[in-house]
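Here are some quick notes from my pass through this one. Have the viewer open while you read.

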Amino acid sequence: MNPQLSVMNQIRGGVFTRADARACGYPDPDIDSLLDTGGWRRIRPGTYAPHQTLTVVDDEMLHLRRLFHVLRRGEPGLIASHQSAAALHALPLWGLDLTNLHVTTRSGRAGLHAGGIHRHVRDPVGPGVTVWNKLRLVTPARAVAEVAATASTAPALVLAEAALYSGLVTSSDLKRAVNQLAGGRARAQQVLALVTGQAASVAEARLRLILTEAALPVPASVPPPSTPESVDSSEGCLWFPDQRTVVEFEPRGAFWTEDLEGYLEEVERAFAGPPAGAPDAPEPLEYCWISWADLDDPTEVVAELRRAFTRADRRTGVRPFNLHRRKRN
């Protein structure tokens, strides 16, 4: 089940219709095949459910169900925006406040209204509005830009990294959407300046942000050399060749890409090793483990990383040249 259909599955409380599946990119032959093979099961004519899937009622599901009700049965002209639109686009909502629904409209009083609806008034509503499965919402790029202008840095950055990784947006899309914001443009530009385009999970995006804010070295864009101590494939890792250190982390909240074939090719290239004739990369000397809970304490994460780099320095006696060190008179 792709992320878009997972959204409809949550909205409808664990089931979905054939029309939902079509709107999410499933042609009728694929739908029939999934039903015949048991991947999906019929609940009643035209209504299905994933086979043996546990549906958890969490804040995200409650937000989506309320949003669906407001957009379909509320006053005309409401457009899902900000984190509410991000939820409909199946983007990760880690760290975002889901207490209130966010909608944009051309008229009315801006701000929080009864029923937990935050109304953003903009006349005209601006570019970047689309329709999906009869729901009006802003595009992924505009949703990311709006969140970047209004939310905390880390959740907004995670959202941007996920949108890039999944192929929903490009860097140009994000820049254009930020320039078209009605307010908060400077704030959004600051957030997007931190985007690396390298993160593949919520945990990795958070860890890379900590590295950037602490002015620590930038990890390599390739995995570490294969050694007897190589990390388990189920774990994420960042490779620092100059420091000869591998930082392992718990890859919670992996991003999803629709281009699975392209993703597999990317993985094969990453693990194929250096090209012929290239010098061999140095084997790691130090390993450092960062858990999901550790990311809540960036100061300690930075300290742990610095300790790992120091241990590697002591074992090799070789230290990378610091281009920013103060010159002696």
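The points below cover a threonine, a helix pair and a sheet, all in a predicted model.

1. Start with Thr153, which sits in helix α7 (residues 153-166). Leaving out residues up to four places away in sequence, Thr153 touches Arg187, Val191, Leu194 and Leu209. With Arg187 there is a side-chain to side-chain polar contact at 3.0 Å. Ala188 is 35 residues from Thr153 in sequence, yet their C-alpha atoms are 9.1 Å apart.

2. Next, have a look at how α6 (residues 140-150) packs on α8 (residues 171-179): the angle is about 60° and the axes are 8 Å apart. The crossing is right-handed.

3. Who meets whom there? From α6 come Ala141, Arg142, Val144 and Ala145, and from α8 come Asp173, Leu174, Ala177 and Val178. Sorted by class, this contact has six nonpolar and two charged residues, with no polar ones.

4. Now the sheet: it is open, with three strands ordered β10-β11-β12 and mixed pairing. β10 (236-240) and β12 (286-290) are the edge strands, and the twist averages 20° from one strand to the next. β11 (residues 245-249) runs parallel to β12, joined by five bridges; Val247 has Cys288 in β12 as its bridge partner.

5. Finally, two helices lie across this sheet. α10 (residues 202-213) covers β10 and β11, at about 30° to β10. α12 (residues 298-316) lies across β10, β11 and β12, running at about 170° to β12.

Terms used
Residues numbered from 1 in each chain as written. Predicted model: local features only at pLDDT ≥ 70, side-chain atom pairs only at ≥ 80, totals over all residues. Heavy atoms only, no water. Helix = DSSP H or I, 4+ residues; strand = E, 2+ residues; numbered from the N terminus. Contact = heavy atoms within 4.5 Å. Polar contact = N/O pair within 3.5 Å; in protein donor to acceptor, adjacent residues only side chain to side chain. Axes fitted to C-alpha atoms, helices over the stretch in contact; angles between N-to-C directions. Left-handed = near helix turned anticlockwise from the far one by under 90°. Nonpolar A, V, L, I, M, F, W, Y, C, P; charged D, E, K, R; others polar. Pairing = 2+ DSSP bridges.
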